[in-house]
Amino acid sequence: MKTIEYTSFVTGTKRHCSFYIPHDPESRAPQILLFVLHGIGGDENEWAHFGDPTSILDDLVSSHSIPPLVALFPNGRASVPDSAPSNPFEPYAIEGFARFTDELLQDLLPLAHKTFSIPLCAENRIICGLSMGGGQALNIGLSNPHVFSRIGAFSPAPNTDVLKSLEIGINNRNNEKKLSRKDQYNDLSCLHSVSKGIAEKFPHVWLCCGVSDSLLEVTQTSEKFLNDAGVQLHTEYIEGDHDWNVWNYGLRHSLAFFWKETT
């Protein structure tokens, strides 16, 4: 895992993002950007310190279960300072997670495309996360369906707001025809038609949660709202609590599922 530094338009500070890229010299050049978000008490190093992302991604790429990709692990707390406070539930810390949306779209996403030479296309972008980051992934991905094609949420936390995000996403999608070919997010040739119904307009969503998780209801409610809206959805309830066994499972199986569906 390596680190890149960038200037945040939101915070006005230098920020850091860890990233993974396949080390196999025989791998094709990555064509996919994967954003992996952390939990409420974490930062850009949480997945590397407590999860197993490098082994999971190496295994998936080497087995050709997924194409070569760049996985970015940002600090999803756009605050000054951006380290986790002693009380990560304090309002200022929570607000930092909400502010991260603008930073991701305006600063980190363009930088990632430029740094790793990945084509500007929604089909090439995935966002996922655990707990607080799972809620962020749903909120950001559903609100910006012209930016992301797939969303993975592992034990999403109560910051999840599927209904509001769908409403914002519908408005953004309806404005899709106004995007120019110079738009920083997309080459229009990559975009879906806006006339094929809501299931075609929104990213495909993969949810998972441990059946012993005290936040299980968040996943169940999200599942219901997404099903009611007709969004393409796959949900798995597995043995476990709010823990890394569930989150490592989510990272591995969501990516494998997305590419199995496309082949």
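**Figure 1. Helices α4 and α5 are roughly parallel to each other.** In this predicted model, α4 and helix α5 (residues 162–174) pack at an angle of about 25°, with their axes 7 Å apart, and they therefore fall in the roughly parallel class (angles under 35 degrees count as roughly parallel, over 145 as roughly antiparallel, 65 to 115 as roughly perpendicular and the rest as oblique). The contact is formed by Leu138, Asn139, Leu142 and Ser143 on the α4 side and by Val162, Ser165, Leu166, Ile168, Gly169 and Asn172 on the α5 side, where contact means heavy atoms within 4.5 Å. Axes are lines fitted to C-alpha atoms, for helices over the stretch in contact, and angles run from 0 to 180 degrees between N-to-C directions. Helices (H or I, at least four residues) and strands (E, at least two) are DSSP runs, numbered from the N terminus.

Residues are numbered from 1 along each chain as its sequence is written. The model is predicted, with local features needing pLDDT of at least 70, side-chain atom pairs counting only at pLDDT 80 or more, and totals for chains, interfaces and linings using all residues, while side-chain values use heavy atoms, with hydrogens and water left out.

**Figure 2. Helix α3 packs against α4 at an angle of about 40°.** The axes of α3 and α4 lie 11 Å apart, and the angle makes α3 oblique to α4. Their crossing is right-handed (left-handed if the near helix is turned anticlockwise from the far one by less than a right angle, and right-handed if clockwise). From α3, Ile94, Phe97, Phe100, Thr101 and Leu104 meet Met132, Gln136 and Ile140 of α4.

**Figure 3. Helix α3 bends by about 50° at Leu104.** The bend is the angle between axes fitted to the seven residues ending at a residue and the seven starting there. Helix α3 (residues 91–116) has 26 residues and reaches 35 Å from its first C-alpha to its last, close to the 38 Å expected at 1.5 Å a residue, the expected span being 1.5 Å times one less than the number of residues. Just after α3, Ser117 adopts a positive phi of about 55°.

**Figure 4. An open sheet of 8 strands has mixed pairing.** The strand order is β1-β2-β4-β3-β5-β6-β7-β8, two strands being paired if DSSP finds at least two bridges between them. Because β1 (2–7) and β8 (233–238) stand at the edges, each with a single partner strand, one side of each is left without a neighbour in the sheet. The twist averages 20° from one strand to the next. Strands β2 (residues 14–20) and β4 (residues 69–74) pair in the antiparallel sense over 4 bridges, and Phe19 has Leu72 in β4 as its bridge partner.

**Figure 5. Helices α2 and α4 lie across strands of the sheet.** Helix α2 (residues 53–62) lies across β2, β3 (32–37) and β4, running at about 45° to β2, and α4 (residues 132–143) lies across β3, β5 (125–130), β6 (150–154) and β7 (204–210), running at about 150° to β5.
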